[in-house]
Amino acid sequence: MTTAAQQIQGAISIRNVTKIYDPEGVHVVAMQDCSFEIAAGEFVAIVGPSGCGKTTLLNAIAGFDTITSGEIHLDGELISSTRKQIKPDVDRMVVFQNGALFPWKTVMENIIYGPVVQGRVKKSAAAGAAREMLSQVGLNGIEDKYPEELSSGVQRRVEILRALINQPKVVMLDEPFRGLDAVAKTVMHEFLMEVFCAAPRTMFFITHDLDEAIFLGNKVVIMTTRPARLKKIVHVNLPWPREHHMLGSEAYLELKREVLEAVHEEAKKAFEAGEREMA
Amino acid sequence: MQRLKEIFTDRQMYRAVLGMLAFVTVWYLLTAVFNLPRFRQIPNPLAVLKEWVSFEPVSGRSLFTGEYYLDIAYSVGRTLIAFSLATVLGVSLGLIMGWNRMFFDFTFPIVEILRPMPPLSWIPLAVLILPGVEIAVIYVTFIAAFFATILNTLLGVFSIDRNYFLAAKCLGSKPKDIFLNVVVPGSLPFIFTGLQIAMGVSWMSLVAGEIISGQRGLGYAIYEGYSLFQYDQVIIYMFTLGILGYISSAGIRAVGRRLMSWEARRRGA
């Protein structure tokens, strides 16, 4: 267990990160002096009012965008600062809000795209691994289908598998289950729980859904309204693997009250700020 | 389900036939029954059909003469050459323009000025610069199709969701991989829309080019028929053009469906 734990990488350190969009012009402060730590192999749920800059942080870690000041470290290595922007790479996978499976590739072609394009393995070996992954989560028989032929729930799972096959240190999910109905969401949560417990790795999970955040997270990071700063971290001490009956437990309800209170404060501020802008 | 589809298709067929019958009836009434002054010289549908299938056509051109097929061969040949060139050059340029910001900045203004120029306005320059009338006609056929293809390919590249590029980068793609796996397939639906338009304007420009400076071909024969009062011939060739245009569009659609099976399946085809 100790050796396995030592192998897990993906510790992220976010230190005084500020992001200003268009500093010369409109000057939107998306994130101000935001700091927190994510341990390797931790499942972190990030919540906060819409448009507060959660995705800004994801973009910086993924290497899609720069930060204005501060530093982000991954496993002790500086990856983003005023002077440095890391490039997107296979150690940090992103699962996008609206889904980014290539519609012109079949499920199989999508999943093996990473390993094949990186030249890590032969196509046939990658296909074997992909088939195994699919059958482990009960999704056999969809290899030759195109994404559009599948329900959005299945699409989301395939996209997560496409990320996981690359064995990334960090998986970042930007509201991946938005727009799914409650039943489909439960299936997603169980799926994510299953793949996470099978091979724990750092999960950076942005969501609006507080139940989802508490159900899945080791900790819930609550951000303030824009400019985003750290509001509060709520540690979730529910046992793993999480099961849906826990959603009724006393411990869970207490956590939910705590998260809700913090989020509500920020939501009110965001609402008032909106009112001011309208006036 | 299968039966439902059959009934639907049958009903569609039935309506299509009715529509055509109505069209031919109006034509017949205007030319053969009412005998309206402006329509007096226009042949009625029966006369046209008779000429079209005649073994000894007055104009020397019918389904049973070599002349007819020679005219078709000339026009189809010119269109094919022009359209193929427009596809190869237009798609490549469009993809590079959409892919490379600097190349786009250099070329887009020129494209936007040249593109609206009517193909026929190129005729004088084409005749002056290019060796031989034949190549000039092909050039005129090519030019509008070329710009339609560039523009649609370019729009195709721009239409690709930014997340596909980001996802491809995360997954470890090099620029070459992104070009082949995101840019090209992602712009295919727009490219094929562009090719449909390109095929349409090719035929249009071809006929105009053949009328003005061509030798042989359908456009030339239409003009010749007009000059020689062979109005049957004019109408036969107009319909021939219509049929060829339809076949070429259907061909492009079929190729598009093959290359974009993901699109077809989305539409439930």
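In strand β8 of chain A, A:Phe205 is the bridge partner of A:Ala45. This pair belongs to the parallel pairing of β3 (residues 43–47) with β8 (residues 202–206) of chain A, which extends over four bridges. The model is a predicted one, in which local features need pLDDT of at least 70 and side-chain atom pairs count only at pLDDT 80 or more, whereas totals for chains, interfaces and linings use all residues. Residues are numbered from 1 along each chain as its sequence is written, and chains are lettered from A and ligands numbered from 1 in the order in which they are written. Helices (H or I, at least four residues) and strands (E, at least two) are DSSP runs, numbered from the N terminus; two strands pair if DSSP finds at least two bridges between them.

The pairing of β3 and β8 lies within an open sheet of six strands in chain A, with the order β6-β7-β8-β3-β9-β10 and mixed pairing. Strands β6 and β10 (230–235) of chain A stand at the edges with a single partner strand each, so one side of each is left without a neighbour in the sheet. From one strand to the next, the twist averages 20°. Axes are lines fitted to C-alpha atoms, for helices over the stretch in contact, and angles run from 0 to 180 degrees between N-to-C directions.

Another open sheet in chain A is formed by four strands in the order β2-β1-β4-β5, with antiparallel pairing. Its edge strands, β2 (28–38) and β5 (77–81) of chain A, each pair on one side only. Direction ignored, neighbouring strands of this sheet are turned by 25° against each other on average. Helix α2 (residues 54–62) of chain A packs on the sheet, where it touches β1, β2, β4 and β5 of chain A, and its direction makes about 115° with that of β1. Residues count as in contact if their C-beta atoms, placed from the backbone, lie within 7 Å.

A:Arg15 stands opposite A:Glu71 of β4. Strands β4 and β5 of chain A also pair in the antiparallel sense, over four bridges, and A:Glu77 in β5 is the bridge partner of A:Leu74. The hairpin of these two strands has two residues between them, and A:Asp75 takes a positive phi near 50° there.

Chain B contains eleven helices and zero strands. Its C-alpha atoms fill a box of roughly 70 × 60 × 35 Å, taken along the principal axes. The domain assignment, which is automatic or taken from a database, divides chain B into domain 1 (1–42) and domain 2 (44–266). The centres of domain 1 and domain 2 of chain B, taken over C-alpha atoms, are separated by 29 Å.

Helix α7 (residues 162–170) of chain B packs against α8 at an angle of about 155°, with the axes 10 Å apart. Helices α7 and α8 of chain B are therefore roughly antiparallel; angles under 35 degrees count as roughly parallel, over 145 as roughly antiparallel, 65 to 115 as roughly perpendicular and the rest as oblique. The crossing of α7 and α8 in chain B is right-handed, a crossing being left-handed if the near helix is turned anticlockwise from the far one by less than a right angle, and right-handed if clockwise. B:Tyr164, B:Phe165 and B:Ala168 of α7 make this contact with B:Asp177, B:Ile178, B:Asn181, B:Val182 and B:Gly186 of α8. These residues divide into five nonpolar, two polar and one charged; Ala, Val, Leu, Ile, Met, Phe, Trp, Tyr, Cys and Pro count as nonpolar, Asp, Glu, Lys and Arg as charged, and the others, Gly among them, as polar.

The axes of α8 (residues 175–213) and α9 (residues 218–227) of chain B come within 7 Å and cross at roughly 55°. Helices α8 and α9 of chain B are therefore oblique to each other, and their crossing is right-handed. The residues of this contact comprise eight nonpolar, two polar and one charged.

The contact between the chains takes 22 residues from chain A and 14 residues from chain B. On the side of chain A that touches chain B, the elements giving two or more residues are β6 (92–95) and α3 (107–117) of chain A. The residues of that side are 14 nonpolar, four polar and four charged.

How values were computed. Contact = placed C-beta atoms within 7 Å.
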